[in-house]
Amino acid sequence: MSTLSELTTKADYIASKNSHLKSQWRTYQNSLTQAITHSNKKINHEFSCGEDQDIRFTLFNHFAVSIQLSEDFYSQDIVYSLNMAQVSDDEDFQPFAHARLTEEGKVDGSVDIKDKNAVLEHYLNKISAIYQCIFDSLQNNQPVHAQLEKLLSRV
């Protein structure tokens, strides 16, 4: 049986690790938000208020993208999701990409979360499939929502 001292030590370790990861997450959120809002690239993104733990962007004044850590305790999994609900329906965010956030401040092992340009490029690579799907739908005169549903069902 563990002593109070051992449990306290373990609790401090767990809390410290989780707190550090949350700090890295906030740094990533800030870097991405600043990179997009200060970017001179025309990517048709607007920052929008998210829930407590996610950040959200609206693409083309219509498509809501949510980025958050998975809800598991001490999760390092960043989940990129697209809201597939119709305008009058409740939100229905469906994942389309994932990344891994490390305690060392890296995303997917190589992107420094303090490097705003690198964070932006990484994010743009993650959402490129969404842009391609919308582009292809418009080029082929197809309904966008149905094509996005097909794309997300393959993820």
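**A close look at one helix pair**

Mentor: In helix 2, Ala129, Ile130, Cys133, Ile134, Ser137 and Leu138 meet Val144, Gln147, Leu148 and Leu151 of helix 3, where contact means heavy atoms within 4.5 Å. Before going further, please keep in mind that this is a predicted model, in which local features need pLDDT of at least 70 and side-chain atom pairs count only at pLDDT 80 or more, while totals for chains, interfaces and linings use all residues. Residues are numbered from 1 along each chain as its sequence is written, and side-chain values use heavy atoms, with hydrogens and water left out. Helices (H or I, at least four residues) and strands (E, at least two) are DSSP runs, numbered from the N terminus.

Two packed helices are described by the angle between their axes and the distance between the axes. For helix 2 and helix 3 the angle is about 140 degrees and the axes are 9 Å apart; the axes are lines fitted to C-alpha atoms, for helices over the stretch in contact, and the angles run from 0 to 180 degrees between N-to-C directions. The two helices are therefore oblique to each other, since angles under 35 degrees count as roughly parallel, over 145 as roughly antiparallel, 65 to 115 as roughly perpendicular and the rest as oblique.

The loop between helix 2 (116-139) and helix 3 (144-153) contains Asn141, whose phi is near 55 degrees, a positive value in a residue other than glycine. Asn141 counts as exposed because its relative accessibility is 72%; buried means under 20% relative accessible area, exposed over 50% and partly exposed in between, with a 1.4 Å probe and protein chains only.

Helix 2 lies across strand 1, strand 2, strand 3, strand 4 and strand 5, running at about 150 degrees to strand 5, while helix 3 lies across strand 3, strand 4 and strand 5 and runs at about 45 degrees to strand 5. The open sheet of five strands has the order 1-2-3-4-5 with antiparallel pairing; two strands pair if DSSP finds at least two bridges between them. Its edge strands are strand 1 and strand 5 (93-100), each of which pairs on one side only, and from one strand to the next the twist averages 25 degrees.

Within that sheet, strand 2 deserves a careful reading. Because six of the six residues of strand 2 (residues 54-59) are buried, this strand is largely enclosed by the rest of the structure. Asp54, Arg56 and Thr58 point one way, Ile55, Phe57 and Leu59 point the other way, and all are buried. Four bridges join strand 2 to strand 1 (residues 45-48) in an antiparallel arrangement, with Arg56 as the bridge partner of Ser48. Strand 2 also pairs with strand 3 (residues 63-69) in the antiparallel sense, over six bridges, and here Val65 is the bridge partner of Phe57. Strand 2 and strand 3 form a hairpin with three residues between them, and Phe60 in the turn has a positive phi of about 55 degrees. Strand 3 is in turn joined to strand 4 by five antiparallel bridges, where Ser81 is the bridge partner of Ser66.

Finally, the part should be set in the whole. The protein has three helices and seven strands, which follow the pattern α-β-β-β-β-β-β-β-α-α along the sequence. Its average pLDDT is 90, and 96% of the residues score at least 70; pLDDT is the predictor's confidence in each residue, from 0 to 100. Among the elements, strand 1 has the lowest mean pLDDT (79) and strand 6 (residues 106-107) the highest (98). Where pLDDT is low, the predicted coordinates should not be read in detail.
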